[in-house]
Amino acid sequence: MTTTTSGTGHEVRKTGGLVIEDLGVSLTGTGVDVVDDIDLVLRPGEVVGLVGESGSGKTTVGTSLLNYSRAGAHISSGKVLLEDRDVLELPWKEVRKLRGEEIAYVPQDPASALNPSIRIGKQLVELHQLRGIGTAQSRMQAARDGLAEVGLPTDDEFLGRYAHQLSGGQVQRVALAMAFLPKPKVLVLDEPTTGLDVTTQKMVLDTMAELCRAHGVSALYVTHDLAVVANIADRVAVMYAGQIAELGPRDAIFANPSHPYTRALLDSIPHLSQARALKGIPGRTPSPGRRPEGCRFNDRCAFAVDRCREEVPALRTIAPEHEVRCHRAGEIGTWDINIGTVPDADPDRPRDVILSVEGLDVFYGRKHVVHDVSFDLAKGEVVALVGESGSGKTTISRSIGGLHKDWTGTLTFEGRQLATSARKRSAEDRRRMQYIFQNPYLSLNPRLTIAQIIRRPMELFGLAKGKDANDRVVDLMGQVALGPQMLHYQASRLSGGERQRVAIARALAAEPDVMICDEITSALDVSVQGSIVELLEGLRIERGISMLFVTHNLALVRSIAARVQILQAGRVVEAGSVVTVMDTPQEDYTRKLLGNSPRID
Amino acid sequence: MTQEATLPDPLTEVAPPRGRSGGAAWAIWLARRLGLALVTLWLVSIVVFLATAALGDPVRAILGRDYGTNIARREQLEAQLGVGDSIVSRYVDWLGGLVTGDFGTSLANQLPVWGQISSSVTNSIVLVLLAAVVMIPLAFGIAMISSHFRRRRPDTVIQTILLALAGVPEFVTGILLVALLSTTVFKIFPAVTLVAPGGAPWDEPKSMVLPVLTLVIAVTPYVSRIVRATLLEVLDSDYVELARLKGIPEPVVMRKHALLNAIVPGIQVVSLQLAWLAGGVVLVETLFQYPGVGRQLVDSVRNHDVAMVQALSMIIAGVYIVVNLVADVLSILLTPRARTAISS
């Protein structure tokens, strides 16, 4: 490496930061672009949010900053300038040295990103040990200081733990501490809070912001959730189909979003202050090689005109530092945050109770995990169970669904008492109560076709067979907005949102009266969550289906549920209609949850 | 730090592991596994006894045509085998002998069984251990090289060769090795094992080479392919990606981050293969005239030497059980999640 000491290089070095110029990543072999034409500057101490749906290429851009691309893709063009060096042109040894020490990476799912066989203390000091930095003692001390900085214990017992002995929030903070330990200049965070509950998320975000400020580190924060970015980023870049669609200071992006895609993303975010009719973005993110001519968003855009289909738009500046890649920027009016707000669910609506839970106590072996929980669910009503991870919300829903049988209490369904386990319930009761799982990647049998998956409950409960069943499958696919061409696909060809729609169609095939939805949107993009919520709301109104909706997202509760149970450590701490609980929370815990929820309203 | 005061929950969510009761928990676990091993061994003893002693008349089988003429020998055998007694009492006598270390008396030459089989048991164990010492590093090394070059040419070549070797029966491998290294091409190693009376096969180390090599070639492909498959999965994991993004050099990533998590399926398949080698490599032992358990077992079956067959079967079963127990303990020790589940 040559260290030129020219004026500009010296200046950049003094200020730190990172410059990305015309970055492109292509698929190996075919040469199809995954991302292209990325220009972005990370100023020292600045947090830039990189936002987009799954498949937009945001993670690809993130890892490119470390000159890394996943198997099957390679960085095909551009420069990543750190000080006066181009990271992409450095020899292999230099790149390795630069990783971790100067540009650090915080992984998406820390639970799987920490090595399960190496104690965390050892993982923390590993890099320094390999590079021979400091002595064994000074390295250990640095690890302890790093843990203290992120608010974790620093004793030997903690350093000697394995990743599986930590909670989700602890693991993520260990990953943060590990990234900060070598004092990097630039940090790439890849959705570091996806899957964490709001309290832990807030804690991780605050810790990260604090560390960036304290050490003058620039950060690229990759996420699908604009609401998270609203709280921490200085500037926001919105990515669509491998390109930056809009780039600007945070306040400009949220006050005056100018790309139809940015607006659509904002429209899919639920608000804490008011119920909204959430909407998804029609269609799906095109994969590399299938992106449309002209503007890549034209086939999903409500404002598209002929020009959008023919001419490729360039990024153009519409305000200082605010750039948009849209032909019609400025022609499509202003965006109003209150579009789509609807009246909150009426707390005084007459209720016709279908399912009631009295004095529910749930056990795992000798461990008492849920204490004396009582609530009920009326016809055509959505009741939300809300709490942090470990609060018992999923345990309660599994007990009601009969998937966990070690519980006591009374569960009454239309005046009849239900047995503890689903096996002991009558087929009719099982049919009328359906369960939808959190992770659609695991809940669909990978060997069956979509048609077979949806038919199965009809055959099981004797509702339809033969041609009749086939017709119903097509009909159900239509109801969950899936085209009939997917009938003979296997689940692996579907995106996360499409899989969750199949899971919903499977539940609907049994013609249920009650659906238990266990965090069914938490593994999905915000925009996909919007379309799933839209679908569920339609089902509730048309079919009068009651739903038990488990979530940790209070903003989502406001838009979907009529009543809410706030849970903490297996007990209900506050319950009532959504409007009452969220507008006038009585308990500190509820206020804390509300305070920690990321919001844009 | 006020933030910490309001947000304590995620920190207390997981109870710290309790260290004190760890030793006791381990002792209980080990005792249970040993108990299970004994139960298994006892069940095996019933099967072995029924299969050898209770099917047909052993005296008639031993004497063949002499059964009708040699009355004295017949009576002597009947007394020795306790043919007049019930099956149950014969089984109890036999099991009692086993427990006290008395394997009975050979029918063929009237000598104590243990004296005759102890040397062949040792010989077989030495053969298998030598094969294991060569095979384990070799198989893991090949797997690491192969997965490093995944689906590129070196990997394809290695996998093709391994598959071909796995498909060749071990005695064919042995014959080819003899032709290559002992008789036709080179004349480096002796083709057969000649043991002086009272001596051991390893008195002449050169004669051990071909049997060990044959066993290594027979077993390495299986172990290597399983370890490679696991390694490929581990190399795709998020923690390997993070290690690379942290700037850890590739050899360290492979050794410390990947191999450590891919080793357990390897241990399981190694243990199964070793147990199989200990009991069943009759063909290889015969080919090299190696005085091991397999050959002796075949000879004993041919001679209708019931006591010998019973003793050898029990020893082979014992080896299977011990090897699997060791593999299970190692697997748990090398899987932190399983290890901490026991000690807390």
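**Reading two chains and their contacts**

Guide: Chain A has a mean pLDDT of 88, and 97% of its residues reach 70 or more. pLDDT is the predictor's confidence in each residue, from 0 to 100. This is a predicted model: local features need pLDDT of at least 70, side-chain atom pairs count only at pLDDT 80 or more, and totals for chains, interfaces and linings use all residues. Residues are numbered from 1 along each chain as its sequence is written, while chains are lettered from A and ligands numbered from 1 in the order in which they are written.

Visitor: Where in chain A is confidence lowest, and where is it highest?

Guide: First, the elements. Helices (H or I, at least four residues) and strands (E, at least two) are DSSP runs, numbered from the N terminus. In chain A, helix α1 (residues 7–15) is lowest, at a mean of 42. Strand β9 (residues 235–240) of chain A is highest, at 95. The pLDDT is below 50 over residues 1–14 of chain A. Beyond near neighbours in sequence, that stretch has 12 contacts in the model.

Visitor: Which domains does chain A have?

Guide: Domain bounds come from an automatic or database domain assignment. For chain A it gives domain 1 (7–233) and domain 2 (353–445 + 512–596). Their C-alpha centres lie 36 Å apart. Domain 1 of chain A puts 10 residues into their contact, and domain 2 of chain A puts in 9 residues. On the domain 1 side, α9(A) gives the most, with 3 residues.

Visitor: What are the domains of chain B?

Guide: The assignment gives domain 1 (30–99) and domain 2 (116–343) of chain B. Here 14 residues of domain 1 of chain B are in contact with 10 residues of domain 2 of chain B. The largest share of the domain 1 side, 9 residues, comes from α3(B). That side of domain 1 of chain B divides into 10 nonpolar, 3 polar and 1 charged.

Technical notes:
Two residues are in contact if their C-beta atoms, placed from the backbone, lie within 7 Å. Ala, Val, Leu, Ile, Met, Phe, Trp, Tyr, Cys and Pro count as nonpolar, Asp, Glu, Lys and Arg as charged, and the others, Gly among them, as polar.
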